[in-house]
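Please take a look at the model below, and then we can walk through it together.

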Amino acid sequence: MKKYKTLIISIFITMLVLSVIVVGYNYFFGIKDSYILSSYVTISDKKGVVEGYTINYEDCKDDNDNFELEIEIGSDEKREIGFEISVLVNYEQQCFKIKNSTENILSKTVYVEENSEKVIIVLEKKFFQFNQNQFIINIRQDIEELSYKNELVRDSNTINFRYNIKYDEGEINKKTVEETHKNVIENPLDVVNDRITFEISNIGEVDDSLITLNSGSEKLLSVNIGGSKVAEDYIILAYVNSKQIKINGKEFCYLKVSKDMLANTNISIEIDQDVGIYELELYGIPAPFDEVDDRTDRIISAKRYTIKVES
């Protein structure tokens, strides 16, 4: 009897140890089925917190007449979370400096845990060419999490802020696009509502959250976009981590879609990253050269993908 009791205890301990190992493996390496993220962001110029969608350049001038903006990022989570900041002016990514630093960078990572951190970014005035400039702040959340590890992370999209930057010394005319994307097929919406559709999927493959390809190669994606009652033109941007990548050989893709119609088209993104694991995210921007207001969505994120770049 004592022998059987010892055997049962031994089996129980073995099963307990194995359970701990399995749980630990799944937590650190496996596919997760839960995800929680709480975060907040505040944007301020020299007058205080920015409200609305318009920023006057005069309210952001530093001592060298460059553009200065404060970004505060916070989280209530009881774990360290990384946030990666990048910016675009007129839909092209630009370098910036952190105040009191001389280094030009494409992105800045901030880590917070149950607190908030402030950074002041500085952009050279040469980037603001026009009287009205489109300015986007991208803040990629929880940068250690990968989409293919947790499907729920795919919906934890980058935080985007889109502003009109009024610059009196800039050119009066706004930025325009010479080339419009072709081969767009329009279809009427099944249900007409106020929500704009922006969906990305692989072509001829299962829409897996992990995409494997070689460095220097191109990836063809299918895009569904449209459904606005207001906008008739859109820009599509692509980012790998916090670096803008080219679409069809250009910084962004510009296309026209009739109101209340859904457009389908194919785009090609260029992957020139080194071997490694990255996050891919695409953004759709309706009425990209109009002043930002409440009439339409300002930026729409598609589901994220994980990119595995091989040699």
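In this predicted model, four strands make up an open, antiparallel sheet, ordered β12-β19-β15-β13. The edge positions belong to β12 (185-188) and β13 (197-202); each has a single partner strand, so one side of each is left without a neighbour in the sheet. From one strand to the next, the twist averages 30°. Here strands are DSSP runs (E, at least two residues), numbered from the N terminus, and two of them pair if DSSP finds at least two bridges between them. Angles run from 0 to 180 degrees between N-to-C directions, with axes as lines fitted to C-alpha atoms.

β12 is joined to β19 (residues 261-271) by four bridges, and N187 has L262 as its bridge partner in β19.

Now to β16 (residues 233-240), where eight of eight residues are buried, meaning under 20% relative accessible area with a 1.4 Å probe, protein chains only. D233, I235, L237 and Y239 point one way, while Y234, I236, A238 and V240 point the other way.

| Partner of β16 | Bridges | Bridge partners |
|---|---|---|
| β18 (residues 253-256) | four bridges | I235 and Y254 |
| β20 (residues 276-286) | seven bridges | I236 and G284 |
| β17 (residues 243-245) | three bridges | V240 and K243 |

β16 and β17 form a hairpin with two residues between them, and N241 in the turn has a positive phi of about 55°.

Residues are numbered from 1 along each chain as its sequence is written. Local features need pLDDT of at least 70, side-chain atom pairs count only at pLDDT 80 or more, and totals for chains, interfaces and linings use all residues, while side-chain values use heavy atoms, leaving out hydrogens and water.

How values were computed: Buried means under 20% relative accessible area, exposed over 50%, partly exposed in between (1.4 Å probe, protein chains only).
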